[in-house]
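Open the structure in a viewer and keep the selection panel at hand. The stops below go through it in order, each with something to select and a note on what is there.

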Amino acid sequence: MMAPPPALDYRSLFDASPHPCLVLDPQGRVMAVNRAYLAARIGRSPDDLVGRHLQEVLQDVSRDATLGAPDRIASIRSSIARAVATGRPDTVAGPTEEPGWSVTHVPVHDASGAVTAVLHHPVVIRPLPMAAPPPGPDAAAGTSTRGGTGSGIAGQVPSQGPPLSEAALSLHEAHRRREQIFQQMPGFVAVLHGPAHVFEYVNDAYVTIAGARDFLGRTVREVFPELAGQGFYELLDTVYRTAQPFAARAMPIRLSGDTAERAIDLLYQPLRDESGAVTGIFVGGYDVTEQVRSQAALRDSEERYRTLLDSIDVGFCILEMKFDGEGRAIDYRIAEANPAFARQTGADVAGLWVSEFAPDLERHWFDTYGRVALTGEPVHFENQADVFGRWFDVRALRVGNPALAKVAVFFSDISERKRMEEALRVLNASLEAQVAQRTAERDQIWQASTDLFCIATPEGRLLSLNPAWTALLGWSESELVGRSFLDLVHPDDRPLAVATAEGLARGEAQAHFEIRTRHRDGSHRWLSWNAVPRDGRVYATVRDVTAIKAQAAALAQAEEALRQSQKMEAVGQLTGGVAHDFNNLLTIIRSSVDFLRRPELPEARKRRYLDAVSDTVDRAAKLTGQLLAFARRQALSPAVFDVGEKVRGVADMIDTVTGARVRVAVSLPDEPCFVRADLSQFETALINMAVNARDAMEGEGTLTLSLTGGVPMPPIRGHAGSQNAFAAITLTDTGPGVPPELLGRIFEPFFTTKEVGRGTGLGLSQVFGFAKQSGGDVDVASRPGDGATFTLYLPEAPEAACDDDGTATDPSASPIGAGESVLVVEDNIEVGRFCTQILQDLGYRTTWATNAEEALDRIGADGAGFDVVFSDVVMPGMGGLALAHELRRRLPRLPVVLASGYSHVLAKDDAHGFELVHKPYSAEQLGHILRRVTRQGARQRVG
């Protein structure tokens with residue numbers, strides 16, 4: 001939103017104007033004089049003029065009587081009277097012969113609309129000579145050179161005044177500077193005139209984005225025909241009609257020649273004349289395509305980062321430090337942790353404070369992490385945590401805003417290594433007699449360990465191995481010693497193994513890298529390596545993680561099966577409600593048809609039953625449309641819509657989802673409230689919150705949906721709020737409420753308090769993601785025993801013209817054809833026969849093809865005289881959409897109309913650009929659409 005303009009000093013602007021002006025009261029007395037007026041009247045001061053009647057000023061003429069003549073004074077007085085009486089500017093002008101003159105009077109209104117003053121602006125114009133003579137004695141005496149130019153003030157034009165040529169040059173220079181500023185602006189700029197939006201000006205940045213076109217003097221629709229159906233024509237018409245500006249960020253647009261959709265920040269600002277009427281539109285904005293793509297790339301990067309942290313075997317966590325008044329760390333909370341945290345520590349403490357689960361934790365952990373949070377200096381250390389009974393290799397660094405005191409920690413369990421180091425330390429400190437014993441013990445560990453130990457050269461050639469290698473991989477020691485371990489690596493893992501070997505050759509330790517190693521029988525085992533280079537040798541401990549990998553894969557499969565089962569359960573619940581509704585609809589249709597079969601049925605009752613069948617079909621079509629939207633199986637895109645209308649429309653579906661024992665109450669304002677969002681995801685979000693409320697109430701209670709418009713969005717969970725206008729959609733249930741300790745986690749993906757099999761924990765995370773992507777947020781308030789209130793905030797948007805769905809028709813137009821030739825493409829025999837019959841009854845000539853390939857053969861290279869093609873979308877072989885694209889390539893002027901009740905192809909490609917008839921359709925609807933497209937096609941062929 002643009003900041004409001006600063007307050008202006010209008011008196012200074014009045015004095016700085018280069019045009020001579022007076023301010024008069026409604027009776028014609030002088031109230032104020034600007035400097036340009038005084039400059040023309042040499043020797044005069046404001047005191048000489050203020051308070052005098054304009055007639056006296058005009059009669060005070062000594063050298064030029066341009067405006068001082070009695071008849072001209074009378075005309076000027078009449079002009080002032082008209083301006084005061086009508087409240088509109090009035091101009092009176094003299095004859096065109098030299099010298100020409102004009103005076104404009106502009107009324108000034110107070111807050112109540114009454115005229116309190118009149119701006120008097122006189123102009124006297126003399127034509128410029130072809131060559132002006134040098135100043136002579138007359139000029140020195142104050143006379144005006146014949147043929148010179150000047151700006152007359154109340155009939156008096158001194159020779160010393162600036163000539164018109166200088167004023168014209170100044171005006172030209174001002175226009176030049178303005179155009180230079182527009183040209184140097186980083187954003188694109190255009191000026192449109194009139195209701196047809198005719199281009200008057202475009203800057204170079206506009207041409208760079210739109211491409212070289214013939215702009216000036218042509219309308220937007222002529223210059224940009226490819227914008228049809230993208231909503232820009234309608235936006236311009238709305239701004240011009242309502243005089244309300246329009247602004248949008250990252251608005252999608254596709255221009256001819258573009259291989260992909262662009263994104264632009266766009267402003268439409270209405271331009272007004274002196275009377276306040278809109279005369280044109282200022283267009284400005286920026287191409288933000290790269291910014292939008294960069295933001296998408298950033299989201300992908302963050303997702304990869306999260307996936308990486310979740311998959312590595314190194315423990316990771318984010319700590320939130322707490323300090324006392326002296327800056328001493330006294331506690332910290334495990335704000336988040338990856339799955340390896342629990343594996344490395346043996347404890348699942350994410351979200352808890354250390355004081356809650358380890359009140360006796362050693363002091364040095366607080367001091368170390370506190371120092372990192374305060375100074376920002378990273379640390380790397382090894383230490384023991386008695387609470388976990390383990391040793392850890394720890395790296396800690398400060399992350400995020402320093403004021404938040406957050407520390408990221410990476411750690412590995414090195415307890416085994418520490419035990420070995422301790423054993424070595426004790427061994428080295430022992431007497432020579434003990435050395436042999438300890439050596440024997442180490443040899444015993446070497447021999448008995450199920451983990452794999454080895455010594456190798458920096459190049460990877462194996463020098464020594466313990467027996468566990470043979471037990472695990474089947475190779476004998478003699479077969480492995482002297483051989484490069486790279487020979488046994490799986491081909492897909494070889495690049496990682498080579499990179500690891502190169503790191504070891506550089507003297508870098510390599511920890512927890514996993515590769516697949518070939519067994520003697522040809523199979524492969526997953527091995528996790530920890531390798532350290534020492535004195536020209538590489539010492540490695542290797543662990544078989546094949547079972548862990550298999551368990552992880554099995555767990556993933558089990559989770560996927562569980563999610564699928566839960567999806568099927570949800571579908572089953574929804575299907576039961578939908579089946580009930582459809583059975584109700586079918587009951588009406590069946591009963592009506594039974595009565596219509598009676599020959600003695602009166603005509604009036606026949607019409608009533610026919611109307612009942614037609615209305616029931618419409619209701620069934622609406623229900624299937626809602627199901628497709630809920631299932632996200634139709635083309636989805638952001639659109640401006642009335643939130644209240646959509647909330648009221650989705651209430652029926654929520655009734656079906658929540659069950660009969662949950663009462664749904666809706667409270668909506670009388671005024672419409674518009675937002676721009678993905679309608680399908682909006683409805684899905686409402687349903688997810690409703691299902692969550694139903695489960696919380698255990699299937700019985702009251703669910704209240706309400707809407708409040710024009711409210712600011714408060715700060716939510718540490719995210720900044722906004723004072724802009726938002727629509728707040730609130731769902732309140734009468735369940736037991738959400739425990740305080742869970743309020744901060746309920747929007748996390750996969751977090752759920754339900755028992756296994758009753759939820760995936762993805763419902764509320766979908767609501768959160770949808771709200772954030774739409775520029776809003778979602779909040780929750782709850783107290784135990786008082787239910788929960790979820791509030792979805794979406795930014796309000798200006799009302800936009802409804803998109804034409806391609807089926808709107810002129811009610812006065814006839815659906816009857818005029819013998820046009822229609823090629824019907826339909827693989828279903830019954831539908832094809834019925835369609836051709838109704839089209840013939842409507843006055844069309846029909847040809848029926850049962851598949852797309854046959855249709856292409858019938859059309860040939862020249863169209864075979866067909867006026868329009870009417871095709872189903874889902875057919876064996878080539879589908880209807882592919883047929884339409886092929887016909888557009890071959891015969892771009894041949895109209896194509898598609899029909900479908902559902903198509904995954906259309907769900908993926910919502911920008912196909914063809915007329916679409918949704919099944920079920922009526923004969924009248926089909927007739928109207930064919931009538932319209934055949935007329936358009938005829939006009940295109942004539943053009």
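The tour starts with confidence and then moves along the chain.

**Confidence**

This is a predicted model, so colour it by pLDDT before anything else. The chain has a mean pLDDT of 79, and 80% of its residues reach 70 or more. Select residues 1–5, where pLDDT stays under 50. For this stretch the model has 2 contacts beyond four places in sequence. Then select residues 629–636, where the pLDDT is also below 50. That stretch has 23 contacts in the model beyond near neighbours in sequence. Where pLDDT is low, the predicted coordinates should not be read in detail.

Select residues 22–24 and residues 30–33, which are strands β1 and β2. They pair in the antiparallel sense over 3 bridges. Which residue in β2 is the bridge partner of valine 23? Show alanine 32, which takes that place.

**A cluster of rings**

By the ring-pair rule, the model holds 21 aromatic pairs. To look at one of them, show phenylalanine 199 and phenylalanine 224, a tilted pair with 6.2 Å centre to centre and 55 degrees between the planes. Phenylalanine 199 is in strand β7 (residues 198–202), while phenylalanine 224 is in the loop between α9 (220–223) and α10 (232–242). The pair links distant parts of the chain, 25 residues apart. Both phenylalanine 199 and phenylalanine 224 are buried.

Because tyrosine 206 lies in helix α8 (residues 204–210) and phenylalanine 224 in the loop between α9 and α10, the pair ties together parts that are 18 residues apart in sequence. Tyrosine 206 is buried as well, like phenylalanine 224. Now show Phe188 and Phe215 too: ring pairs link Phe188, Phe199, Tyr206, Phe215 and Phe224 into a cluster.

**Helix α10**

Move on to α10. Are Phe232, Tyr233, Leu235, Leu236, Thr238, Val239 and Tyr240 buried or exposed? In this helix these residues are buried. Just after α10, select alanine 243, which takes a positive phi of about 65 degrees.

**An open sheet and a helix across it**

Next, show the open sheet of 5 strands, in the order β12-β11-β15-β14-β13, with antiparallel pairing. Its edge strands are β12 (329–337) and β13 (379–385), and each pairs on one side only. From one strand to the next, the twist averages 35 degrees.

Within the sheet, select β14 (residues 390–399) and β15 (residues 406–413), which pair in the antiparallel sense over 8 bridges. Arginine 395 stands opposite phenylalanine 410 in β15. In a regular strand the side chains alternate between the two faces of the sheet.

**Two lysines over rings**

Show lysine 322 with tryptophan 353: the lysine lies over the face of the ring, at 4.4 Å from the ring centre. Then show lysine 418, which lies over the face of tryptophan 391 at 4.6 Å from the ring centre.

**Asparagine 466**

Select asparagine 466, in the loop between β17 (462–465) and α17 (468–473). Why does asparagine 466 count as buried? Its relative accessible area is 2%, and buried means under 20%. Apart from neighbours within four places in sequence, asparagine 466 is in contact with Trp446, Ser449, Asp451, Leu452 and Phe453.

**Valine 666**

The last stop is valine 666, in strand β22 (residues 662–667). Valine 666 counts as partly exposed because its relative accessibility is 37%. Leaving aside neighbours within four places in sequence, valine 666 is in contact with Val647, Ala651 and Leu705. The C-alpha atoms of valine 666 and alanine 651 are separated by 7.8 Å, and the two residues are 15 residues apart along the chain.

Notes: Residues are numbered from 1 along each chain as its sequence is written. Side-chain values use heavy atoms; hydrogens and water are left out. Two strands pair if DSSP finds at least two bridges between them. Helices (H or I, at least four residues) and strands (E, at least two) are DSSP runs, numbered from the N terminus. Axes are lines fitted to C-alpha atoms, for helices over the stretch in contact, and angles run from 0 to 180 degrees between N-to-C directions. Buried means under 20% relative accessible area, exposed over 50%, partly exposed in between (1.4 Å probe, protein chains only). Contact means heavy atoms within 4.5 Å. Rings of Phe, Tyr and Trp (its six-membered ring) pair if their centres lie within 6.5 Å; planes under 30 degrees apart count as stacked, over 60 as edge-to-face and the rest as tilted. A charge sits over a ring if NZ of Lys or CZ of Arg is within 6 Å of the ring centre and within 35 degrees of the ring normal. pLDDT is the predictor's confidence in each residue, from 0 to 100.
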